Amino acid sequence: MTTEENGPLVPARLRELPSRLLGQASTHAQRLVTEGLSGADAHKWHYAALVALEEYGPASQATLSARTGIHRSDLVAVINELAARALVERTPDPEDRRRNVITLTPPGRQHLRTLEQILAAAQEELLAPLSTGEREQLTRLLGRIVDHHAYGEPVMGPDGR
């Protein structure tokens, strides 16, 4: 099948534009992740909240928002959904009764394992054309781009790059 049969030829300047390529890769990645997680009645914010709770332990909603990048008002809905399924527990903070502490439950930990398997499969499908070394390199490079724009300066890796 020729390129022309697959649609109009894409100009070289578009094919080589990093922002365009990142956008297209992002679209594919989001589709794979969304489709995979939806099969487990979950979405990316569920995963983010659960993994942050597992990695750092119980947290206030404000702290969890900062750790996940989920806006505080959106996080309330995420916590409500997870709490309704007994995946997290919301209890008053003993030091400040106006604040809630969110804790990962054993069923939440088990659900997180399921979501991790789904995400691993999505990553595998997305990165199928790359070798293990290329995957690691791509992840490092994307991390540098994200860190630079998130923190305003490049993050130097252990290799000095």
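Q: Two strands count as paired if DSSP finds at least two bridges between them; what makes strand 2 and strand 3 a pair?
A: Strand 2 and strand 3 (residues 96-104) are joined by 6 bridges, which meets the requirement of at least two. They run antiparallel, and Val 88 has Leu 104 in strand 3 as its bridge partner.

Q: What kind of model is this, and how are its residues numbered?
A: This is a predicted model, in which local features need pLDDT of at least 70, side-chain atom pairs count only at pLDDT 80 or more, and totals for chains, interfaces and linings use all residues. Residues are numbered from 1 along each chain as its sequence is written, and side-chain values use heavy atoms, with hydrogens and water left out.

Q: What makes a stretch of the chain a helix or a strand?
A: Helices (H or I, at least four residues) and strands (E, at least two) are DSSP runs, numbered from the N terminus.

Q: Why are strand 1 and strand 2 said to stand at the edges?
A: The open sheet has 3 strands in the order 1-3-2, with antiparallel pairing. Strand 1 (59-60) and strand 2 (88-93) each have a single partner strand, so one side of each is left without a neighbour in the sheet.

Q: Which residues of helix 4 are called buried, and why are they said to line one face?
A: Leu 64, Ser 65 and Thr 68 of helix 4 (residues 61-68) are buried, which means under 20% relative accessible area, whereas exposed means over 50% and partly exposed lies in between (1.4 Å probe, protein chains only). Seen down the helix axis, the buried residues fall within an arc of 105 degrees, so they line one face of helix 4; the arc is that of the directions from the axis to the C-beta atoms. These residues pack against helix 3, strand 1, helix 5 (72-84) and strand 3, where contact means heavy atoms within 4.5 Å.

Q: What makes the meeting of Glu 35 and Arg 31 a salt bridge?
A: A salt bridge is a side-chain nitrogen of Lys or Arg within 4 Å of a carboxyl oxygen of Asp or Glu. The N to O distance between Arg 31 and Glu 35 is 3.6 Å, so the pair qualifies. Both residues lie in helix 2 (residues 18-38), 4 residues apart, about one turn of the helix.

Q: Why is Asp 93 called buried, while Arg 99 is called partly exposed?
A: Asp 93 has a relative accessible area of 8%, so it is buried. Arg 99, at 36% relative accessibility, counts as partly exposed. The side chains of Asp 93 and Arg 99 meet in a salt bridge of 2.8 Å, N to O.

Q: Which parts of the chain does the salt bridge of Arg 113 and Glu 54 link?
A: The side chains of Arg 113 and Glu 54 meet at 2.8 Å, N to O. This pair links distant parts of the chain, with Arg 113 in helix 6 (residues 106-126) and Glu 54 in helix 3, 59 residues apart.
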